[in-house]
Amino acid sequence: MRLRVEFTTEPFDLDEAPAHAVVAREIVTGAGLDAVDVGPFGNTAEGGAERVLDAVGALLRDTLEAGATRVSLQVNVIAESADAARSEGSAR
């Protein structure tokens, strides 16, 4: 199963990235996820369910410890490509 996580951390600071935003970026870029997009108003990443869920757990713990007062997130199941599904099916 593939998942997409979309998240933001607050409080915002438009002049420089707060510590909790830096921590969030480090977590998602270091988690081996696909299609990571980090921006000032929202972040997304995709990957296998286990990696995404591990990253979400670390994201919540570590950003709150780094000063986030709010973490908003959404996790969606996304369709796998037909090629990936066929490869996975043939590996069983």
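Me: How many helices and strands in the protein chain?

Reply: Three helices and four strands. Helices (H or I, at least four residues) and strands (E, at least two) are DSSP runs, numbered from the N terminus. From the N terminus, the order is β-α-β-β-α-β-α.

Me: And where does the model come from?

Reply: The model is predicted: local features need pLDDT of at least 70, side-chain atom pairs count only at pLDDT 80 or more, and totals for chains, interfaces and linings use all residues. Residues are numbered from 1 along each chain as its sequence is written, and side-chain values use heavy atoms, with hydrogens and water left out.

Me: OK, the sheet. What's the strand order?

Reply: β2-β3-β1-β4, an open sheet of four strands with antiparallel pairing. Two strands pair if DSSP finds at least two bridges between them. β2 (34-38) and β4 are the edge strands, each pairing on one side only. Twist averages 20 degrees from one strand to the next.

Me: Which helix packs on the sheet, touching β1 and β2?

Reply: α1 does. Its direction makes about 165 degrees with that of β1. Axes are lines fitted to C-alpha atoms, for helices over the stretch in contact, and angles run from 0 to 180 degrees between N-to-C directions. Touching, or contact, means heavy atoms within 4.5 Å.

Me: How many bridges join β2 to β3?

Reply: Three, and the two strands run antiparallel. β3 covers residues 43-48. D34 stands opposite E46 in β3.

Me: E46 again: what does its side chain meet in a polar contact?

Reply: The side chain of R2, at 3.3 Å. A polar contact is a pair of N or O atoms within 3.5 Å; within protein, one must be able to donate a hydrogen and the other to accept it, and residues adjacent in sequence count only if both atoms are side-chain atoms.

Me: Is R2 buried or exposed?

Reply: Buried, because its relative accessible area is 19%. The cut-offs: buried is under 20% relative accessible area, exposed over 50%, partly exposed in between (1.4 Å probe, protein chains only). R2 sits in strand β1. Its contacts beyond four places in sequence include D34, G47, N76 and E80.

Me: Switching to the core. Which residues have the most contacts inside the largest one?

Reply: V5, F7, L33 and V52, in a nonpolar core of 14 residues. Such a core is a set of buried Ala, Val, Leu, Ile, Met, Phe, Trp, Tyr and Cys residues joined through side-chain atoms within 4.5 Å. β1 (2-10), α1 (19-30) and α2 (49-65) each give two or more residues to this core. α2 gives the most, with six.

Me: What does V5 touch?

Reply: N43, T44, A45, V52, V56, Q74 and V75, leaving out residues up to four places away in sequence.

Me: Is A35 buried or exposed?

Reply: Exposed, because its relative accessibility is 54%.

Me: Last one. Where is A66?

Reply: In the loop between α2 and β4 (70-78). A66 counts as partly exposed because its relative accessibility is 25%. A66 touches A19, H20 and V23, not counting residues up to four places away in sequence. Its C-alpha is 8.8 Å from that of P18, 48 residues apart along the chain.
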